[in-house]
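Good morning, and thank you for coming.

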Amino acid sequence: MDYLGYLLGGWGVVLVAVAIYAVSLLRRGKVLSARVPADRRRWMTTDD
Amino acid sequence: MVATQILPFAMVILILFGLALDADSRTLRDLAPGLFWVATLFASVLAIQRSVAVETVSSTFEALRLSGAPAWKLFAGKALAVALQLLAIEAVLALGIIVLYRSSFEDPVLVVTAALAATVAIASAGSLYGVLAVGMGVRDTILPMLLLPIMMPVLVGATRAFGDGLGTAALDGWTWTGLLALLAVIYATVGALAYAVVIEDT
Amino acid sequence: MSTTLTRPSSTASEADVASTGSKLTRVLGIASLVGLAVLLLLAFVFTEPDQRVFDRGLDLDPLLTGQGDAVRLLYVHFPVAMVTYTAFSLNAIGSIAVLWKKSMWWDNTAAAAAEVGVLFCGLTLATGSIWGRPIWNTWWKWGDVRLMTTTILFLIFVGYLAYRRTMTDSQVRAKRSAVVGLIGAINIPIVYKSVDWWQNRTLHQQSTLRDRAIEDLTLFSMIFGMVVFLVIFAWLMVHRFRIGWLEHQIETVGLEAAIAERRAQTSAAVEDAVTDSRASAGSGPPPKTGMN
């Protein structure tokens, strides 16, 4: 396949970056959830 | 003051570019519009930071706000003050590019009109962002980061207009001046409207 | 009032898990992964390289012949760009809602959208640049309308995120960043038009979707890619929103705890004062008002 380097680079950058971001979100989520009392954890209300 | 701090800074920028580019005078002449406006934008950041700092320190801002004047008038006053400072800086920069870059003002009317429109746009947007940045510890570095990307169309328009007015580019400078005028109107309006929202809790 | 985690009761099954996950995110997550796998197959296996030749006469503009295998990059570049615009549009809507309805929910959404948007905007620029290198022979083309606009967009929202971090009062932060976000959004068509006039032409691929010469599978793959990445976007948004919400809870809980503590201190101090005065009244000289 032509341009294989560019293809791998382009796709690779996207997949790796999104994966790293996703993992960081999951981790931040776990840390924050642990700090909030269980009864205040629900986030579904649209009013505040 | 403008004269002792900001003006010299703007001139230093012109000189630094001259040294850095190591170009013959014809290249500098072609680059003059761009360099002029980059120097002006940098100087405007300083001018705005200064005008905001002066107010917070002396609490004239609080006094003005409590005076009951409508927000848009406060905004207009502030923007006007910044605009006048900028025009003074630009006048000196104009001399600077004539001397340092061998610019010639082929169409002075175009150059002055474009400069006026661009300056109003910069002063308006800058005054709004200046107030947005007030009160926080990081304001000095956040202001250019907020203001300069927004100023990109002004930069593009002003350099094109000057390109025509200084005779370095075959463009229609008046169309670009039209864009600058439109930007001036937009930022003045948005600034006046948003000012009320923003100064509520300063 | 304690701010530390207490072991949740076994009746609250969803609140058991100390994370931002839920059934919704699990569904979105699986859909994303499956969709990505299919997209990769489409992009690399099932579609053909772009071998079109345009009969434009003797003056063969190299842009008008097919781009060969490089088209496979568009199957990620285009979706990522679409997510960028979706994210920043969401931010604009949220900013309006904050200013109009003073909604903290929308402020949280706007902030989440800006963060995800900046990531995808950066990826748009990166994939576009990587695509451009073999095709345009350059990593960067000054004056390409979409490139310039996307770059400015990126800078505006990096500034927006930095700006949000300078404020701690959530109400003030919501209002002010909404102003900054909205002005940024208003600027985009202006930037686009200025650069368009500046250059009068663009190296950028003319909108691929409108080019009917593209075969069906290519078109399908691009649209499919967009859908997959919008699902990924949704997954990221839900998690990021919940993180923002939890941060907000911690702020509020912290505030309430501080207030409660202060109240407790004050009432304890008042009680002490009352007790002291009663005690001193019993053992000291008789009060002047009393009859002796």
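Let me begin with a definition: a residue is buried if 20 or more other C-beta atoms lie within 10 Å of its own, exposed if 12 or fewer, and partly exposed in between, with the C-beta atoms placed from the backbone. By that rule, 27% of the 48 residues in chain A are buried.

What you see is a predicted model, in which local features need pLDDT of at least 70 and side-chain atom pairs count only at pLDDT 80 or more, while totals for chains, interfaces and linings use all residues. Residues are numbered from 1 along each chain as its sequence is written, and chains are lettered from A and ligands numbered from 1 in the order in which they are written.

Next, the secondary structure. Helices (H or I, at least four residues) and strands (E, at least two) are DSSP runs, numbered from the N terminus. Chain A has one helix and zero strands.

Chain B contains eight helices and zero strands. It has 202 residues, of which 48% count as buried. Two residues are in contact if their C-beta atoms, placed from the backbone, lie within 7 Å. Of the contacts in chain B between residues at least 6 apart in sequence, 83% join residues at least 24 apart.

Two packed helices are described by the angle between their axes and the distance between the axes. Here, axes are lines fitted to C-alpha atoms, for helices over the stretch in contact, and angles run from 0 to 180 degrees between N-to-C directions. Helix α7 (residues 152-165) of chain B packs against helix α8 (residues 173-199) of chain B at about 150°, with the axes 8 Å apart. Angles under 35 degrees count as roughly parallel, over 145 as roughly antiparallel, 65 to 115 as roughly perpendicular and the rest as oblique. α7(B) and α8(B) are therefore roughly antiparallel to each other. Among the residues that meet are B:P153 and B:G157 in α7(B), and B:W176 and B:L180 in α8(B).

I turn now to chain C. Its secondary structure comes to seven helices and zero strands, and 38% of its 292 residues are buried.

Finally, where do chains C and A touch? The contact takes 38 residues from chain C and 31 residues from chain A. On the side of chain C, the elements giving two or more residues are α3 (71-101), α4 and α7 (216-283). α7(C) gives the most, with 12 residues.
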